[in-house]
Amino acid sequence: MAEPLVIDVKGMHYTPLNRMIREAVASGVKEIVLNNVLGQRFIGNGVRGDSKIIINGVPGGDLGMFMSGPECEVFGNAEHAPGNTMDRGSLVIHGNAGDAVAHSMRGGKVFVEGNIGYRGGIHMKEYEDKRPILAVGGTTHAFLGEYMAGGLILVLGIGHEPAVEDRGIGSGIHGGEIVIRGEVSDELLGVGAKKVDFTEDDLKRLTPVIEEFCGRFDIDPTPFLNTNYSRIVPASARPFAGKYTWE
Amino acid sequence: MSLGSVPLKYKISIDRDQCMKCMRCVDNCSYGVYRIEDDRIIIDSRKCTACHRCISMCPRDAIMLKERPVDYRSHPLWTVEAREDVINQARTGKIILAGMGNAVDYPIIFDRLVLDACQVTNPSIDPLREPMELRTYIGKKPSKLEFTKNNGDIELTTKLTPNLKLDTPIMVGHMSYGAISLPAQLSIAKAVAKTGTFMGTGEGGMHEAIYPYQDHSIVQIASGRFGVDIDYLERGAAIEIKVGQGAKPGIGGHLPGEKVCADVSCTRMIPLGSDAISPAPHHDIYSIEDLAQLVRSLKEATDWEKPVFVKIAAVHNVAAIAAGIARSDADAVVIDGFKGGTGAAPKVFRDNVGIPIEAAIAAVDQKLNDQGIRNEVSIIASGGIRNSGDLAKSIALGADAIYIGTAALIALGCRVCGNCYRGLCPWGIATQKPELVERIDPEVGAQNVANLIHGWTLELSELMGAAGLNSIESLRGNRERLRGYMLDQGLLDVLKVESVGA
């Protein structure tokens with residue numbers, strides 16, 4: 001296997017950095033290691049391929065935006081909107097992430113070991129075999145899954161009881177599902193969201209996701225395969241159909 | 001107690017002596033106005049939207065349509081429309097949905113601006129024999145050019161940013177596949193390719209039928225990011241971020257699930273039959289700095305090779321907003337006035353929110369000039385531009401180019417009946433019903449739209465020639481070529497235009 005490309009990005013602007021990444025991926029480099037990352041935005045933006053990008057430090061906003069294929073593993077926190085409009089590939093964040101994580105994500109996976117901010121998974125959508133997954137180890141803030149149109153949001157709430165305490169869960173949701181460990185109070189649900197029973201079949205369906213998440217962060221999955229979850233889905237695929245009358 | 005029904009809006013009648021019962025009216029009306037009973041054509045005028053499809057298809061001119069044959073007691077405040085809206089909402093308790101542009105009788109500023117023409121002291125230019133430069137470049141322009149001499153060769157050292165090259169300053173604005181049919185969008189795509197200009201894809205992704213015309217397409221991203229992936233961004237000649245729309249400032253877009261057929265769902269990359277909701281805010285934009293981040297992320301994804309536009313609705317504070325956009329790395333600001341069209345908007349927004357495009361263009365151009373950053377961003381004006389006179393006045397007020405929307409649809413057959421949101425457009429434009437969609441032949445539609453653009457371009461050349469100008473750049477922001485007629489001083493000050501006679 002070819003040697004990884006190691007880049008010290010200290011003080012580097014994001015544009016030359018991304019050009020280096022694109023060129024490396026295009027030339028067949030399978031592993032790129034970025035050291036001393038500190039706030040560089042748009043890392044992996046629009047990059048295609050199957051390379052792995054290891055980020056040591058704290059990337060700036062919109063990590064992996066429009067990305068289609070690669071995997072970014074972050075050893076540190078991430079700023080806002082990692083996975084924004086991501087098409088394929090995965091982001092693995094060994095830390096916390098900011099607001100609007102996985103904004104409009106339409107494929108691939110975003111795994112955050114810690115907590116995320118507001119509006120996680122907003123506008124996530126799915127089409128045919130593209131079904132994005134946002135999995136959060138810790139907790140999330142308000143408006144989780146707002147206007148969600150597809151995909152899966154999984155919140156394990158490690159170290160948090162209850163897993164999510166902020167309101168507006170699934171506001172305007174019209175596709176996909178939000179699965180949160182433990183009980184979710186009804187008053188936390190947003191407009192258009194409803195709770196349904198979490199069944200054995202659901203657990204069976206989600207077991208590979210839970211195991212993959214735990215595997216990524218070296219966490220024992222057993223407690224999460226032997227517990228209750230709340231499942232939140234759209235009340236309707238047409239949430240605003242009854243709001244209008246003709247002129 | 002029931003409120004009963006309001007009177008019908010239109011009365012259809014057939015001249016039975018002329019009618020030969022060919023049944024084209026029955027076949028063509030998608031609203032179900034006509035039916036056959038005992039070999040007789042029966043009319044249900046209540047269902048009529050005045051789309052004129054039946055009239056235009058009748059081979060004997062036997063169909064007549066009159067507006068509102070039943071009078072209410074006249075009243076200057078409680079107009080017929082005001083009363084009927086109250087009745088409608090008392091019955092349903094819902095938001096009234098409306099289509100097309102603002103339907104309130106506001107004064108039209110364009111009609112109170114007059115253009116200049118040369119007479120004796122300076123010559124006009126004859127476009128029949130003199131070259132007229134209508135080519136327009138959309139994007140940032142350097143404030144100065146720097147060169148280096150290299151062994152006698154002169155090289156440009158100023159780094160130029162990518163611009164769109166337009167052969168005419170008329171583009172077709174963003175109408176998505178979903179809102180309009182594929183043949184309608186394809187007609188427009190073919191037309192802009194023929195005339196050397198550009199069209200907007202709207203926020204619905206790009207259908208593969210448009211791929212051959214992608215070099216003439218501006219791809220749009222809205223808050224819902226429908227159809228957006230890296231391939232989509234790379235296909236566009238430019239990228240437009242839709243923040244606002246003139247017909248409905250401050251609110252988002254919403255394609256109802258019944259219009260999301262298999263092909264639309266594939267293009268938008270959403271499940272069949274689900275609503276496509278683009279709410280007003282982009283939830284990754286809460287400031288000009290956030291907007292700058294989105295602009296830069298789009299440029300970064302496309303290796304800084306494509307201009308990025310930002311579209312906003314014309315609102316009270318539009319000039320300051322545009323100045324912020326100019327500083328966000330955007331290459332053009334699109335200002336959509338309150339006469340702009342739409343497939344669907346709450347009527348109260350369509351008719352009451354926003355400001356006229358004429359005032360918005362002038363205010364933005366002036367603000368950018370005052371701040372010394374006019375070269376940082378191009379201005380594209382849209383919203384109720386009806387003819388080449390409006391076009392010329394828009395440019396004289398400060399626009400680089402315009403978007404047309406409704407005018408292009410009229411070139412495809414639209415009669416502005418305002419029922420686009422029902423998905424039953426009998427002209428095959430604002431519908432996804434296969435039997436209606438097939439009524440547009442993209443080749444014929446393209447020729448009609450191209451003819452319109454060509455005709456306006458010729459007229460613009462003549463108007464410029466008459467004013468003694470042979471370059472579009474000499475008309476841009478040239479308020480000296482305009483005079484206000486019966487406009488108040490406050491508006492003249494905003495427009496920076498003098499009164500007639502001055």
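Predicted model: local features only at pLDDT ≥ 70, side-chain atom pairs only at ≥ 80, totals over all residues.
In which strand is Trp246(A) found? Trp246(A) sits in strand 12 of chain A.

**A tryptophan at the boundary**

Trp246(A) touches several residues of chain B: Asn88(B), Ile96(B), Leu97(B), Tyr421(B) and Arg422(B). Its relative accessible area is 47%, so Trp246(A) counts as partly exposed. Strand 12 covers residues 244-246 of chain A. Three bridges join this strand to strand 5 of chain B. The two strands run parallel. In one of these pairings, Tyr244(A) has Ile95(B) as its bridge partner.

**The interface as a whole**

The size of an interface is often given as the accessible area lost when the parts come together. Here chain B and chain A bury about 4,100 Å² between them. Carbon and sulfur atoms account for 53% of that area. In chain B, the residues that lose the most area to chain A are His283(B), Gln293(B) and Glu300(B). Together they make up 17% of what that side buries.

In terms of contacts, 55 residues of chain B meet 43 residues of chain A. Five salt bridges link the two chains. One joins Glu234(B) to Arg48(A), with the closest N and O atoms 3.0 Å apart.

Which elements of chain B give two or more residues to the side that touches chain A? They are helix 3 (80-92), strand 5 (95-98), helix 5 (230-235), helix 6 (262-268), helix 7 (288-301) and helix 9 (347-352). Helix 7 of chain B gives the largest share, eight residues. By class, this side of chain B has 22 nonpolar, 15 polar and 18 charged residues.

**Backbone details**

Met23(B) lies in the loop between strand 1 (10-14) and helix 1 (24-28) of chain B. His52(B) lies in the loop between strand 3 (40-43) and helix 2 (53-57) of chain B.

A cis peptide bond joins Glu161(A) and Pro162(A), with omega about -10°. Pro162(A) is in the loop between strand 8 (149-155) and strand 9 (175-181) of chain A.

Note on methods: Residues numbered from 1 in each chain as written. Chains lettered and ligands numbered in written order. Heavy atoms only, no water. Contact = heavy atoms within 4.5 Å. Buried area = accessible area lost by both parts, 1.4 Å probe. Salt bridge = Lys/Arg side-chain N within 4 Å of Asp/Glu carboxyl O. Helix = DSSP H or I, 4+ residues; strand = E, 2+ residues; numbered from the N terminus. Nonpolar A, V, L, I, M, F, W, Y, C, P; charged D, E, K, R; others polar. Pairing = 2+ DSSP bridges. Buried < 20%, exposed > 50% of the residue type's maximum accessible area, 1.4 Å probe, protein only. Lists of a residue's contacts leave out its neighbours within four places in sequence.
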